Amino acid sequence: MDEGWLDTVRMARDCGDISSLFPPGITHLWQLPHTIHTAIRSALYFLTFDELPYPEDRPPKRIWLDSEKMADWWRAVKERRTGDQEVAEMPQNEALKEMFPGVKFG
């Protein structure tokens, strides 16, 4: 994932208006082309890694786009954290919850 794109999405998220990422003429999330929707959603997901309580639980960037390796990573984190109070299959944040109400990622 490109650092510039992550920074752009981070700024939009932190300003509270991801619609600034939409192409001209697009006013609603449901109007976004699939590729842009996926790029925004993925970046928001990857940004949640910064919110994990333990830095060692953050997956390395080289596996971010590999769903199998990510699933293995989260399984390993869960196994390490078994018995701990905080175990997350996949990090969630308020921006994702607001963008996709009712959807549980992970």
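At 25% relative accessibility, arginine 10 falls in the partly exposed class (buried means under 20% relative accessible area, exposed over 50%, and partly exposed in between, with a 1.4 Å probe and protein chains only). The structure here is a predicted model, in which local features need pLDDT of at least 70 and side-chain atom pairs count only at pLDDT 80 or more, while totals for chains, interfaces and linings use all residues. Residues are numbered from 1 along each chain as its sequence is written, and side-chain values use heavy atoms, with hydrogens and water left out.

Helix 1 covers residues 3-15 and helix 2 covers residues 34-47; they pack at about 85 degrees, and 9 Å separates their axes. Helix 1 is therefore roughly perpendicular to helix 2. As for the terms, helices are DSSP runs (H or I, at least four residues) numbered from the N terminus. Axes are lines fitted to C-alpha atoms over the stretch in contact, and angles run from 0 to 180 degrees between N-to-C directions; 65 to 115 degrees counts as roughly perpendicular. On the helix 1 side, Trp5, Leu6, Val9, Arg10 and Arg13 touch Ala39, Ile40, Ala43, Leu44, Phe46 and Leu47 of helix 2 (contact means heavy atoms within 4.5 Å). Sorted by class, this contact holds nine nonpolar residues, no polar ones and two charged ones; Asp, Glu, Lys and Arg count as charged, Ala, Val, Leu, Ile, Met, Phe, Trp, Tyr, Cys and Pro as nonpolar, and the others, Gly among them, as polar.

Turning to charge pairs, the whole structure has nine salt bridges, each being a side-chain nitrogen of Lys or Arg within 4 Å of a carboxyl oxygen of Asp or Glu. One of them pairs arginine 10 with aspartate 50, at 3.3 Å from N to O. These partners sit 40 residues apart, arginine 10 in helix 1 and aspartate 50 in the loop between helix 2 and helix 3 (67-81). Aspartate 50 is partly exposed too, at 45% relative accessible area. Arginine 13 has its own salt bridge, to aspartate 14, at 3.0 Å from N to O; aspartate 14 is exposed, at 54%.

Another salt bridge joins arginine 80 to aspartate 57, with the closest N and O atoms 3.0 Å apart. Here arginine 80 lies in helix 3 and aspartate 57 in the loop between helix 2 and helix 3, 23 residues apart. Arginine 80 is partly exposed at 44%, whereas aspartate 57 is buried at 4%. Through shared partners, salt bridges tie Glu56, Asp57, Arg80 and Arg81 into one network.

Notes: Helix = DSSP H or I, 4+ residues; strand = E, 2+ residues; numbered from the N terminus. Parallel < 35°, antiparallel > 145°, perpendicular 65-115°, else oblique.
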